[in-house]
Structures are given as C-alpha cells and as structure tokens.
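Reader: Please pick one part of this model and go through it closely, then connect it to other places in the chain. Give the cut-offs for any term you use.

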Amino acid sequence: MKNNIYIFSNSILSRKDDSLVLDSIPQTDAIHETDFYETEGIILPAPKTDGSGNPRHIPAESVEAIYTFGEVRFNTQFFKCVGFYEIPVHIFNYYGNYVGSFLPASANGSGEIQILQYKAYIDNYKRITIAKSIIDAAIKNILFNLKSYTYSGIDLDETINTIASIQEQVRFTDSIQELMGFEGTARNTYYSAWQNIFKQETDFEKRIKNPPVGIINSLISFGNSLLYAVCLSEIYRTRLNPFIGFIHETGDNKHPLVYDISEIFKPVIVDKVIFRVINLNIIKPDDFKQTDKGLRLKDDARKKFVEEFENKLSSIIHHKRINRRISLRSLIRMECYNLINYLTGKLKSYDPYRAN
C-alpha cells in the first residue's frame with residue numbers, strides 16, 4: 001500500500017536513483033514566499049549548504065502523493081522522478097491554504113471520458129441529475145452525522161427536521177443555482193448546531209471564510225483544503241477531468257469536479273475530524289497564532305490535525321451497497337469510477353456514497 005508524505009519542515013526535495021530524497025534546509029525559518037526572481041524567470045536551486053542530519057530516502061514507488069507545508073525547494077530531477085511514478089505534489093502556504101498542485105502527465109488519460117463528461121455538463125438534464133445526486137448524498141451524510149450525536153443524548157431534532165425538509169426540496173428542483181442555495185442553507189443550518197456537538201464552548205457561530213474567523217472556521221478551511229487535494233489526487237488516478245464539474249461552475253484555475261466530489265465526503269471526513277480534535281482536546285485555542293490574515297494553526301497542531309485526517313482517510317468502513325469493507329480514501333476513488341460508469345452508460349443511475 002502506498003503512503004502519503006506530509007512535509008512540514010523547511011526541506012530540499014531531490015532524487016537519488018529511484019528514491020525521493022528529503023533533506024532539511026539548515027538554520028532557516030519559513031519565509032513564506034518562493035525564491036522566485038521575476039527578472040530571471042526561474043526558481044533558484046537549493047543552496048549548496050550542508051543539511052542538518054542525514055537526508056531521508058523514500059522509495060518513490062511507495063509514495064501515493066506529497067503534501068508540502070513548509071518552505072520547500074525542488075529540483076528538476078525531483079520532478080522527473082515524481083513524473084515517472086505519477087505522484088501528485090500538493091503545495092500549501094504558511095497559513096495552510098492550498099496553493100496548487102503538480103500533476104504529472106498521466107498515461108491513464110482518456111479523451112473519450114472527457115468528451116462524455118463535457119456532453120453531460122452541457123446536457124441540462126444529465127447535469128442536474130448528477131448535481132442533485134451529489135447534493136442529496138452530501139445532505140444525507142450531514143444528517144447521518146447529526147443523528148449519530150443524538151444517540152449520546154444531544155437534542156438535534158429541530159435541526160435534523162429542518163435539513164430533512166431541505167433535502168426533500170432538492171429532489172424537485174431543476175435549477176443548479178437553486179440547488180446550490182439549498183446546499184448552502186442546509187450547511188448553514190448544520191453549522192448552527194455544531195455548538196451543541198462540541199463538549200466545550202467555542203467561538204463558532206457561523207461559517208466565515210476568506211479569511212476564516214475563529215478557530216473552528218480555521219479548522220474547516222484547513223480541513224477542506226486537505227480534502228480538495230486528496231480528491232484531486234484521486235480524480236487524477238482515474239480518467240476524469242477535474243476542470244469539468246456539475247454543481248460548481250468552471251473557471252480559470254478552478255477544479256469544479258474536485259469541489260463536487262468533496263461535498264459528498266466533507267461530513268464524513270473533515271467534519272468528523274474537527275469534532276474529534278475539539279472534543280478530545282487534541283487541538284486547543286492556544287494552538288493558534290493570530291496573524292494579519294487570520295488565525296494560523298501552529299506547526300505542532302497542524303501535524304496533529306493532519307495525523308487525525310490521515311487516520312480518518314485510512315479508516316475502514318463497511319459499505320452496505322457493495323457489501324465490502326473499504327477505506328474512505330479508496331471510497332473517494334471508487335466514487336470517481338462510479339461517476340465514470342454512469343457517464344459511459346454502464347450504470348443507469350448515478351448513486352453517490354451515502355453513509356449508513
């Protein structure tokens with residue numbers, strides 16, 4: 001089984017034969033910007049200084065994807081290596097925000113699938129059918145979360161009933177904009193109940209982003225960014241095009257299909273991780289640092305969150321519909337193939353994952 005590599009320290013990434021080499025950049029703090037010289041149009045290579053400690057060698061064939069959070073420097077040989085082994089590289093900035101990805105050219109690309117994806121996008125009936133299925137599944141997974149907490153005695157009946165009524169309306173709309181409105185209303189109603197789920201008081205009242213306000217909004221933004229990167233990796237492993245979605249509109253430098261697929265899994269992955277790290281005091285208010293762009297998770301806390309996130313991705317569930325045990329990470333990839341099978345006509349209906 002391949003592993004994700006998360007890099008938090010300031011590092012130099014290079015290649016030695018068929019291994020990725022991780023070496024630390026000595027005596028440096030994150031400077032929060034790349035060594036990019038506009039006049040030269042190049043990214044400078046790593047400095048010729050000695051690393052502290054021995055470089056770490058990781059067999060490239062054992063790596064699923066790489067996520068970088070520190071000040072990281074790459075060289076051409078590194079990109080040749082990750083390109084050969086088709087390893088996506090996802091880059092996050094100092095604040096934990098997603099910056100971008102390097103996706104190697106893949107031999108798995110399929111023009112046929114992309115044409116079918118495009119045809120479904122411009123076919124209003126097919127597009128709304130797929131979009132409604134995704135939103136219906138996302139709301140079902142939100143309801144699953146809420147109902148699971150009622151078993152511990154938390155009164156969430158009013159919230160559950162409100163969201164269930166929104167879910168009913170989703171099934172009768174033929175408008176993408178209206179559908180997104182229902183999704184937003186369901187989410188806001190869901191967030192309004194979070195204070196009841198948390199075991200201690202937090203500053204969370206509603207979702208505020210760009211920049212996120214308060215510790216819970218910061219965790220939601222960070223967790224969602226991680227999930228977007230994971231979904232992009234899984235979409236990359238299939239033959240789908242991340243630039244063609246069905247709910248979110250296409251646009252420059254956007255991956256609408258990533259956002260679409262993420263909607264299904266946010267409740268069962270990101271939200272669950274947030275409930276866990278808050279209710280078990282794994283992350284506390286003093287794990288955040290105030291900056292001019294909002295709160296930032298300190299490095300140790302960020303590692304804790306990523307560790308919980310990775311544990312959740314690796315957790316095994318029993319999928320009733322297919323009657324087999326499967327990890328949540330594999331489930332995301334299976335969701336992509338589920339969509340492909342609908343687009344190619346192998347499946348008569350598109351039925352995204354619904355927790356049960």
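**Helix H4 and its surroundings**

Author: The buried residues of H4 are Thr159, Ile160, Ile163, Ile166, Gln167 and Val170. Here buried means under 20% relative accessible area, exposed means over 50%, and partly exposed lies in between, with a 1.4 Å probe and protein chains only. Seen down the axis of H4, these buried residues fall within an arc of 125°, so they line one face of the helix. The arc is that of the directions from the helix axis to the C-beta atoms. On the face of H4 turned away from its buried side are the exposed residues Glu158 and Asn161.

This is a predicted model, in which local features need pLDDT of at least 70 and side-chain atom pairs count only at pLDDT 80 or more, while totals for chains, interfaces and linings use all residues. Residues are numbered from 1 along each chain as its sequence is written, and side-chain values use heavy atoms, with hydrogens and water left out. Helices (H or I, at least four residues) and strands (E, at least two) are DSSP runs, numbered from the N terminus.

H4 covers residues 157-170, and at 1.5 Å a residue its 14 residues should span 20 Å; the end C-alpha atoms are 20 Å apart, which agrees. The expected span is 1.5 Å times one less than the number of residues.

The buried residues of H4 pack against helix H3 (124-150) and helix H5 (176-192). Threonine 159, which lies in H4, gives one example. At 15% relative accessibility, threonine 159 counts as buried. Threonine 159 touches Leu146, Thr189 and Ala193, leaving out residues up to four places away in sequence. Contact means heavy atoms within 4.5 Å.

From the H5 side, consider leucine 179, which lies in helix H5. Leucine 179 counts as buried, at 0% relative accessibility. Beyond its neighbours within four places in sequence, leucine 179 is in contact with Ile128, Ala131, Lys132, Ile135, Val170 and Thr173; Val170 is also one of the buried residues of H4. Leucine 179 and isoleucine 247 are 68 residues apart in sequence, and their C-alpha atoms are 8.2 Å apart in space.

The volume of the largest pocket is about 1200 Å³. The elements that give two or more residues to the lining are strand E10 (98-102), H5, helix H7 (214-237), H8 and strand E12 (294-297). H7 gives the most, with 8 residues. The lining has 44 residues, and Arg207, Lys209, Asn210, Tyr228 and Tyr259 lie nearest the centre of the pocket. The lining residues divide into 20 nonpolar, 13 polar and 11 charged.

The terms behind these numbers are as follows. On a 1 Å grid over the protein atoms alone, a cavity is a set of points where a 1.4 Å probe fits but cannot get out, and a pocket is an open set with protein on both sides within 12 Å along at least five of seven lines; lining residues have an atom within 4 Å of a point. Grid points are joined across faces, edges and corners, and a volume is the space filled by probe spheres set on the points. Ala, Val, Leu, Ile, Met, Phe, Trp, Tyr, Cys and Pro count as nonpolar, Asp, Glu, Lys and Arg as charged, and the others, Gly among them, as polar.

Asparagine 210, one of the residues nearest the centre of the pocket, lies in the loop between helix H6 (194-197) and H7. Asparagine 210 is exposed, with a relative accessible area of 73%.

Asparagine 281 has a positive phi, near 55°, in a residue other than glycine. At 42% relative accessibility, asparagine 281 counts as partly exposed.

H7, H8 and E12 are also among the elements that cover the buried residues of helix H9. The buried residues of H9 are Ala301, Arg302, Phe305, Val306, Glu308, Phe309, Glu310 and Leu313.
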